[in-house]
Amino acid sequence: MSNRPLCLTCAPAFALDEPGIDEVATLIWLPHLDQGALGRCVTALHVAAKAAGHTVYDQGLSGEALSAKRAFEALLSCRLGALEKIGTDRPSLYRSALKSLSRNPFPEAHETGLRILMRGTWFPDNPRRYLDAAQEWAVSR
C-alpha cells in the first residue's frame, strides 16, 4: 500500500483486527456498490447530518439531516444480508474466521458483496475523532 493516509471513512475496512472495530463499523451485503463508492456515500451522509448539527442517529430530524438518516438506515439494514450470507455482521468475527481458514476457496470481499459500513464513531483511543472530522468537513463544504 502507498504511504498516503486513508480517509477516516475508509480506514475501518483495513482495520478489521483493531480493538473496537465492531463499534466503529459493521458488515453489510451490498454487491452493487464497491467499497470506495460506499465510503464516499457514507461520508456524505454523516457530513450532511453534521452540517445541520446532528448525527444520523439523532431523532426529530428534518431536511437534509433526515434524508441522510434515512439513507444511512437503508444501508444499515443491509446487515441482514451479511447475517444471512456469512452468519455475522461483526467485522471482528469475520476477520477471526478468515485468519483460521485457507485463503484459496474464498473470494475477496469485493468479489462477494461484503462491505464495511462506517457507523460514525471511532476507535476507543479517540471515539469522537470521526464526528469531529465530519464537523470539519461540513464546515468546509
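This is a predicted model: local features need pLDDT of at least 70, side-chain atom pairs count only at pLDDT 80 or more; totals for chains, interfaces and linings use all residues.
pLDDT is the predictor's confidence in each residue, from 0 to 100.

Residues are numbered from 1 along each chain as its sequence is written. Local features need pLDDT of at least 70, side-chain atom pairs count only at pLDDT 80 or more, totals for chains, interfaces and linings use all residues, and side-chain values use heavy atoms, leaving out hydrogens and water.

Q: Where is confidence lowest and where is it highest in the protein chain?
A: It is lowest in helix 6 (residues 109-112), with a mean of 59. It is highest in helix 3, at 97. Helices (H or I, at least four residues) and strands (E, at least two) are DSSP runs, numbered from the N terminus.

Q: How do two packed helices get described?
A: By the angle between their axes and the distance between the axes. Axes are lines fitted to C-alpha atoms, for helices over the stretch in contact, and angles run from 0 to 180 degrees between N-to-C directions. Here, helix 2 (residues 35-51) packs with helix 3 (residues 63-76) at about 145°, axes 8 Å apart.

Q: Which residues make that contact?
A: Contact means heavy atoms within 4.5 Å. Helix 2 gives L38, C41, V42, L45, H46, A48 and A49; helix 3 gives E64, A65, A68, A71, F72 and L75. They divide into 11 nonpolar, 1 polar and 1 charged. Ala, Val, Leu, Ile, Met, Phe, Trp, Tyr, Cys and Pro count as nonpolar; Asp, Glu, Lys and Arg as charged; the others, Gly among them, as polar.

Q: How many bridges join strand 1 to strand 2?
A: Two strands pair if DSSP finds at least two bridges between them. Strand 1 (residues 25-29) and strand 2 run antiparallel, joined by 5 bridges. A25 has M118 as its bridge partner. I28 stands opposite R115.

Q: Are the residues of strand 2 buried or exposed?
A: Buried means under 20% relative accessible area, exposed over 50%, partly exposed in between (1.4 Å probe, protein chains only). In strand 2 (residues 114-118), 5 of 5 residues are buried. L114, I116 and M118 point one way, R115 and L117 the other.

Q: Where does F123 lie?
A: In the loop between strand 2 and helix 7 (129-140). F123 counts as buried because its relative accessibility is 8%. Leaving aside residues up to four places away in sequence, F123 touches A15, E18, P19, G20, I21 and V24. F123 and E23 are 100 residues apart in sequence, yet 7.7 Å apart in space, C-alpha to C-alpha.
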